[in-house]
Every structure is written in C-alpha cells, then in structure tokens.
Amino acid sequence: PPAIITSVFPYSVPETGGSTVFVSGHNFHRSSYLACHFSGNVVPARWISSSRLSCEAPPSKSGTISFKVSTNGQLAGMAEGVTPFTFYDVVTLTKIDPLNGPLTGGSTLALHGSGFVSSPTLLCLFANVTVPTMRVWNSTYAECVVPSSRLDLPNNVSIEVSVNNGHDFTTSGLKFAYTSFYKIEYISPESGPLTGHTMLEIFGNFTGFDPERALCHFRHKTVSITSPINNASNKSASCQTPPISLDIHNSPIAYLVDIVAINGGKFPLTDKAAVFTYYPRTFMKSLHPSLGSEMGGTNITIMGNFARSNNIVCKFDGNPSINSWWVSKDSVVCVSPPAKSNFLMSPLVQVTISLNGKDDEGSSLLFRYLAASHISLITPTFGSILGGTQLHIEGGGFPKEENIYVFCSFGTKVTRAEIITSSLIKCRTPMARSSISVQVSVTFNKGHDLVP
C-alpha cells in the first residue's frame, strides 16, 4: 500500500533551516531512498518506524510550501486535513521588560523582537519552563506571564521565544531575575482628604527598587486605582493619593495601599498592604476667641465638621499650633503658636486645619494677634468687701480699639473694665465674702488669656 502522511511536527520552521521535522503516517518502509520533499528541496529522511520518519528542514524562503515524502522513489502526498508546511521569517528576541520580578511570578513580561505571530504556538521559555504568550500586539511586540520561581527555577533564568510550539527557540541570551518582595513597614500620613493629592511616604526596604517600573495601588472592595511613584530610595517610596468618592454616609473609608508592577496587571511587588484612610471634607464654621496674645498659648475652640483624627494640626499663616486635639465631630481645640516677628504689620492671620498633619483642608478663619501687654502698678491695693472700689491699672500695650472688650479678673470673678489709654485701664472690684487677697489681672479675650 502507498505511504500516507497524517501529521507533521513542527509544521512551521525558521527559514534558516536546520530544524528536525517529524512525520507521522502509515506504510513508511525502511529504505535508503527515504526522502522529504520541501517543494523542490529534497533531503534524506531517517526511518524510525513504519509510522514515523524524521528529516532536517533545508534553508528556504519564507512562505507556505508543499511537503511530501518518498519511499522507493514513490511520492506520498499530504493526507487530507494535514496542515500545510510553512517556513517563517527568522524570529528574534532583542529586549525584555522588566528585567526582574517577584518570586511568585504572575507579572507581565514585555517581549521586543521580530517575527512574532499571533498563534497558540508562540511560547515563552523560562529556563526549562514554557508558558503561552498572553497577547501578541504585532510582529515586534508580545507579552507573556512570568511563571512562579517555585517551579524549581534559578534566580536568574534565560528567556527565549518559539513560534512553532516550542520546537525551535531563539538564542538571545537575555536574562530575567527573580527578586524577593519589597517590604512595607509603615506609611505617613495614614489618612488624607477624599480630594486626594496627599504626598504619601511608604517606608520599608526598597533596595534595588525601580520606581519607573511600579505604581502605588489603592484598593477598596471593587475599586482599584493606581498612582505614579514620584521618588524612591532604599528605605522609602512616595506617591500622591488619588481622589475618591465617599459613600452616601460620607464616612471615612479605609483603602489598602501596596506597590504593583507597572505592566503586571497590578501584580503586587510588596510583601503586604498598608491602610490609608480617606476622610470627608473639613468645614470650619467659627473660632473662639478670635484674638490672643502675640506670645501664643491661647486655647482656641474651632467649630465645624471634623473627622476623628489623632494627628490634627492647626496652622496660623502656616505656623503650626503648639498643640491641637479633636474633641468631637463638631469641634477642635488648638493652642496658638507665638506670632511671627513682623505680626504688627499684619496682625490678622489665616487659621487652617490639617487632620493628617500635612494637608490643609481648604477652609480658613481669621485670628488676630495682640501685642503683649503688661501690668506694672495697681492702685489702690485694697478695698471694701462690698466691692465697687475703682482700680487704676497701669502698664503698657493695652489695645484701645473698638470691638475689643476688656475685663478685670479677681481670682475667679471678673468685672467689666475700660481701656483709658494704652497704659491705663479702670475697673471696679466685685463683692467678696470675706477679707481675702486675690491675684488681679486683665483679659482682652474673655478670660482665655490673662495679663498679670
């Protein structure tokens, strides 16, 4: 019976020739005349069995050709349904990107070269492990997914590609390095406004980290957002937080933050994720008192709408408060810092609030610094327990202006006073239950700051 070909593997080889082609079929007889016919090129064939032969493909122009075998001078044609034989353009691999990735694999490797074809037969070879290409964009660019190094792969592996199902591979000599996860220890700040643009610092071990090949990744439930990395060192990386939308309750939302490969389908490059909390807009409604001493130290209550925070900072024209703390969602208390040396030229300053110690929340209120005052003499120094004794308080720096109300303080009691000049204040003593000595002072902001 005549010889019949049922399959050829591979059915495509490089135009340079040299590939071993295996032919399967029926009725292959052992003969010194066994040959493979690649169109007009005839090469000797090696008999393996009555159903299997092999031969070496000769060099040929790229394109599809007729393939036949001959036994004893008789040609056997291709059986019906067998794929035609093809010589393809030389495949090259000139560049891979990135050059390294995590031990767990899963990142996307970009392949640059020539001769790529969009076919299931295009494979990537990592040392001795083959993986299918994920996507072929054109004849010069394709992508495949990096396998896990747990497949007994070395840390540095050779990378090659094949377009004929792994029969022939390129010989580029390119290497891919497996690297351990970068470690996240903590982030700063840990919260920020929903409007985004908070400069987030991620601290940990980033030795060998390339910021141009990675992104900050923010995720919550089904939401996933990335942000470019601005700077990096061996100990930290930084990026800006993206803006988000809060839910209908306008409540703070915790997002997980990690670092992912820029071309790896958001594949993580860090050992864990940190938590960053977005909070709603801050609104400042009023502050009291609205003025205080240039020396600072005035306790100011600010009313408005504030998310809970342990890192609140009030700023007075950018100058941070001595201390600040969250009281409730409606109020915050700040201790004013000393005024700047040129405050007399502009005693009014803008007060802003930062819930995370870095970002000003947008709204602001005015606070006025008063020049430091002092008392040098009080006359008389005693009076009736029935009260009503008029005191002359002499000193300096008393603000004789409209809308500034002065009081005299006698221990725990206060009486209304009048500023006569910048160096003289008059007030009357209150009643007392018994003879007692008390500290006399004045205040220009309803008792928040006392001038002894």
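Buried means under 20% relative accessible area and exposed means over 50%, with partly exposed in between (1.4 Å probe, protein chains only). This is a predicted model: local features need pLDDT of at least 70, side-chain atom pairs count only at pLDDT 80 or more, and totals for chains, interfaces and linings use all residues. Residues are numbered from 1 along each chain as its sequence is written, and side-chain values use heavy atoms, with hydrogens and water left out.

**Stop 1: an open sheet**

Strands here are DSSP runs of E with at least two residues, numbered from the N terminus. Two of them pair if DSSP finds at least two bridges between them.

Start with the open sheet of eight strands, in the order 11-13-16-15-14-17-18-12. Its pairing is mixed. From one strand to the next, the twist averages 35°; axes are lines fitted to C-alpha atoms, and angles run from 0 to 180 degrees between N-to-C directions.

Now step through some of the pairings. Select 108–114 and 141–145: strand 13 and strand 16 run antiparallel, joined by five bridges. Ala110 sits opposite Glu143 of strand 16. Strand 15 and strand 16 make a hairpin with two residues between them. Look for Val136, opposite Ala142 in strand 16. Then select 123–126 and 129–138: four bridges hold strand 14 and strand 15 together, again antiparallel. Cys124 has Val131 of strand 15 as its bridge partner.

**Stop 2: salt bridges**

A salt bridge here is a side-chain nitrogen of Lys or Arg within 4 Å of a carboxyl oxygen of Asp or Glu. The whole structure has six.

Which residue meets Glu143 in a salt bridge? Show the side chain of Arg135: the N to O distance is 2.8 Å. Glu143 is buried, at 9% relative accessibility. Arg135 is partly exposed, at 36%.

Next, select Arg219 and Asp258, a salt bridge at 3.4 Å, N to O. Arg219 is in strand 22 (residues 214–220) and Asp258 in strand 25 (residues 253–261), so this pair ties together parts 39 residues apart in sequence. Color by accessibility: Arg219 is partly exposed at 29%, whereas Asp258 is buried at 5%.

Move on to Lys315 and Asp360, whose side chains meet at 3.5 Å, N to O. Lys315 lies in strand 30 (residues 313–316) and Asp360 in the loop between strand 34 and strand 35, 45 residues apart. Lys315 is buried, with a relative accessible area of 15%. Asp360 is partly exposed at 43%. Then select Asp97, Asp210 and Arg213, which salt bridges with shared partners join into one network.

**Stop 3: a buried aspartate**

Select Asp359, in the loop between strand 34 (348–354) and strand 35 (365–370).

Show Thr198 instead: its side chain makes a polar contact of 2.6 Å with that of Asp359. Such a contact is a pair of N or O atoms within 3.5 Å; within protein, one must be able to donate a hydrogen and the other to accept it, and residues adjacent in sequence count only if both atoms are side-chain atoms. Leaving aside neighbours within four places in sequence, Asp359 is in contact (heavy atoms within 4.5 Å) with Pro193, His197, Thr198, Ile353 and Ser354.

**Stop 4: backbone details**

Go to the loop between strand 30 and strand 31, where Asp317 sits. Its phi is near 50°, a positive value in a residue other than glycine. Gly318 is in that loop too, and counts as exposed at 51%. Draw a line from the C-alpha of Gly318 to that of Val351: they are separated by 8.1 Å, and 33 residues along the chain.

Finish with two cis peptide bonds. His288 to Pro289 has omega near -5°. Thr379 to Pro380 has omega near -10°.
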